[in-house]
Amino acid sequence: MRILLVEDDRRVAAALSSALTRRGYEVEHAATVAAALSAAPCDLVLLDLTLPDGDGTDLCRELRRRSSQLGIIAVTARGEERDRVLGLRLGADDYVVKPFSMVELQARIEAVLRRAAHTVPERNLIESGPVRIDVAARTVTVAGRAVALTRKEFDILLSLARQPGVAVPRDRILLDAWGTTWADRHTVEVHVGSLRGKLGDPRLVETVRGVGYRLRGE
């Protein structure tokens with residue numbers, strides 16, 4: 001998952017970028033409003049409200065105008081109630097006041113990403129090659145054959161099936177199936193191995209080295 005860190009203090013940005021990278025996120029740093037507006041698409045924005053070329057609240061409003069599904073967390077020293085209320089009203093999903101712990105920030109990031117994922121309407125039926133998933137009934141068939149999966153196996157398959165043919169990072173799978181990115185990544189490998197066996201064709205779920213897994217498309 002990709003995070004845009006909008007922070008004008010280079011030392012703070014370096015420390016946060018390092019901590020987030022160690023936790024498996026891809027981080028892009030922008031020190032100004034202009035740089036943030038021209039940055040590549042991301043999953044979540046960590047937004048300082050005090051920036052050298054503009055007010056972060058205006059940037060927050062513009063980012064929310066561009067995307068209703070983008071996760072935005074204001075990370076700022078402005079701790080007054082009126083500042084928190086304004087930030088949330090302008091479109092921020094959460095508000096973290098400096099100083100904060102990485103444990104708290106990690107929990108807030110995960111919560112916002114979960115909420116963002118749930119705002120996307122889920123299709124009732126998803127098909128990719130021979131795999132057919134009934135999301136509402138939580139059933140799976142492969143070439144017409146019913147496949148009984150555990151809850152975690154189903155959630156992993158659904159995470160992959162939402163983007164067939166696309167490499168899904170392990171952290172995204174952890175977040176979708178376990179609700180956190182702190183779980184042991186070896187757990188994902190074990191469940192994927194079991195899932196492959198039940199699908200009947202190990203080639204349906206491909207390993208993308210250094211990234212995660214991909215459900216083979218048509």
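## Enclosed helices

Buried residues of α7 are Arg-170, Asp-171, Arg-172, Ile-173, Leu-174, Leu-175 and Ala-177. Buried means under 20% relative accessible area, exposed over 50%, partly exposed in between (1.4 Å probe, protein chains only). Helices are DSSP runs (H or I, at least four residues), strands likewise (E, at least two), numbered from the N terminus. Helix α7 covers residues 170-178; seven of the nine are buried, so α7 is largely enclosed by the rest of the structure. Gly-179 follows α7 and has a positive phi, near 75°.

Helix α6 spans residues 151-161. Nine of its 11 residues are buried, so α6 too is largely enclosed by the rest of the structure. The buried set is Glu-153, Phe-154, Asp-155, Ile-156, Leu-157, Leu-158, Ser-159, Leu-160 and Ala-161.

## Basis of the model

This is a predicted model: local features need pLDDT of at least 70, side-chain atom pairs count only at pLDDT 80 or more, and totals for chains, interfaces and linings use all residues. Residues are numbered from 1 along each chain as its sequence is written, and side-chain values use heavy atoms, with hydrogens and water left out.

## The annotated aspartate

UniProt lists Asp-48 for "modified residue: 4-aspartylphosphate" in an unreviewed entry. UniProt positions are given in the numbering used here, feature names are shortened, and annotations may be inferred rather than shown by experiment.

Asp-48 sits in the loop between β3 (44-47) and β4 (50-51). At 4% relative accessibility, Asp-48 is buried. Not counting residues up to four places away in sequence, Asp-48 touches Val-6, Glu-7, Asp-8, Gly-56, Val-75, Thr-76 and Lys-98. Contact means heavy atoms within 4.5 Å.

## Second largest pocket

A pocket is an open set of points on a 1 Å grid over the protein atoms alone, where a 1.4 Å probe fits, with protein on both sides within 12 Å along at least five of seven lines; lining residues have an atom within 4 Å of a point. The lining of the second largest pocket includes Leu-4, Pro-41, Cys-42, Arg-66 and Ser-67. α2 (33-37) and α3 (56-66) each supply at least two lining residues.

## Cysteines

How many disulfides are there? The count is zero. A disulfide is a pair of cysteine sulfur atoms within 2.5 Å. The sulfur of Cys-60 is 12 Å from the closest cysteine sulfur, in Cys-42, too far for a bond. Cys-60 is buried at 2% relative accessibility, while Cys-42 is partly exposed at 21%.
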